[in-house]
Amino acid sequence: MKYVSWIFLIFFATLPFQLALNPLPGIDLHSSRVWALALSVMWFVFVLFRREKLFPLHAESMLLFSFFFFSAFSIFFAEHISWGLRKFAFLVSFLPIFLVSFTVLRREIFREKFVKLLVWGSSVSAVVGIVQVGSSFLWGLDAVLRFWERMILPIFAGQTSAETVAHYSSMVVNIGGTNFVRASAFFPDPHIAAFFWGMTLPFAMALAIVSVDSTRWRYVVMAVVIAFADMWTFSRGGLLALCAVGSVFLVQFFPVMMRRYAPVALGVFFLVIVFVMVPNPIFSRLLSSLDTTDGSTSGRLVIWQEAMEIIVEKPFSGVGLGNYSNTVKPSAEYREPRYAHNIFLDIAAETGMVNAGIFCALLIVGIGRGLRRPYAPFAVAGSASLGIFFVHALFETPIYSVHVFPLFLAILGFLV
């Protein structure tokens, strides 16, 4: 079990830096899927010989397996069955992460190590993201883009995926007539980076709370670095998630923070005031979410309406897992990034409204489990992490990400 635990911990410490393998032309195999397979085999051998419980009989596990069942069932209604099978194979390849996390993270010593290594990996990748943005002011936007698309993305996303990402590039944002490079580090795009950094930020803050003396300030710095990198993704969904979840938790825990950690609480409150009052491109980007004349916002409203029309037409079966893109555009190719920009609409359109409700319930139950332990900082951090996932996922669909989906499953197992 010790070997399984350490492989599990190293996997999440290095998750932002996993490489892409190219076993065949046109096929990208991310190394995280190889790690997940190895962990699955080792974990199964362990529970088989030790006769341990295969999986927890809790609401989360029942909802998660139900989600997988209805996702598989929807493939029978798909136009392109092979597309559905590929998507399902992706989901199944990471499912054991939930089971492994439940087995490993039941032990307190590994829970703390998991949080620390996760935060270390996230903060290092956040530094890369900040350097990426800063370098655009030194060498120019075009030079940084060319370097990232030609030299970085093929290594960490795969040649085929890099070409797709470059073709539908979202690495530049225009704010007030000025173009800015968006932080993405070694993630395939800024949105995935925002998910990962947003979900790990609460754990960095929890470590800053529970640590003492100089160690505390180390984690305070890490939390600040992760927060800045997250904001420099200019992901409006990510910014809204930070604001929404941060506001809820700040109101709920501010009195406790003032009694126990007054400097930290006042510091956070001061930074929020500065962020709102001082003009800056990040806050301007956030405010643009409310502007319905903005092309991205109006386009997303049209996409949501399109997804809801599909749901009304096929509310129970959906169009089949992985078949949303060819439904809205019959000539679409498999890798063409067409989706509903809302995880619940995506799931409902592809696999039915019941399955979307199951996934929503899974998130609510997971968030509620952590909140039942208000004086356990890591548990509260897990709830905040899933809360950020929930709000951000109202604008994106991250479950097919090799970085976000395993992290999501691990946090679920962590909370159970």
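**Exercise 1.** State which residues of H8 and H9 meet, and how the two helices are arranged.

*Solution.* Ala194, Trp197, Gly198, Thr200, Leu201, Ala204, Met205, Leu207, Ala208 and Ile209 of H8 meet Arg216, Tyr219, Val220, Ala223, Ile226, Ala227, Ala229 and Asp230 of H9 (contact: heavy atoms within 4.5 Å; helices: DSSP runs of H or I, at least four residues, numbered from the N terminus). By class, 14 of these residues are nonpolar, two polar and two charged (Ala, Val, Leu, Ile, Met, Phe, Trp, Tyr, Cys and Pro count as nonpolar, Asp, Glu, Lys and Arg as charged, the others, Gly among them, as polar).

Next, take the axes, which are lines fitted to C-alpha atoms over the stretch in contact, with angles from 0 to 180 degrees between N-to-C directions. H8 (residues 190-210) and H9 (residues 213-231) pack at about 160°, their axes 8 Å apart. H8 is therefore roughly antiparallel to H9, a label for angles over 145 degrees.

The model is predicted: local features need pLDDT of at least 70, side-chain atom pairs count only at pLDDT 80 or more, and totals for chains, interfaces and linings use all residues. Residues are numbered from 1 along each chain as its sequence is written, and side-chain values use heavy atoms, with hydrogens and water left out.

**Exercise 2.** Is serine 136 buried or exposed, and what does serine 136 touch?

*Solution.* Serine 136 lies in helix H5 (residues 108-139). Its relative accessibility is 12%, so serine 136 counts as buried (under 20% relative accessible area; exposed is over 50%, partly exposed in between; 1.4 Å probe, protein chains only). Not counting residues up to four places away in sequence, serine 136 touches Leu141, Val144 and Val181.

Key. Parallel < 35°, antiparallel > 145°, perpendicular 65-115°, else oblique.
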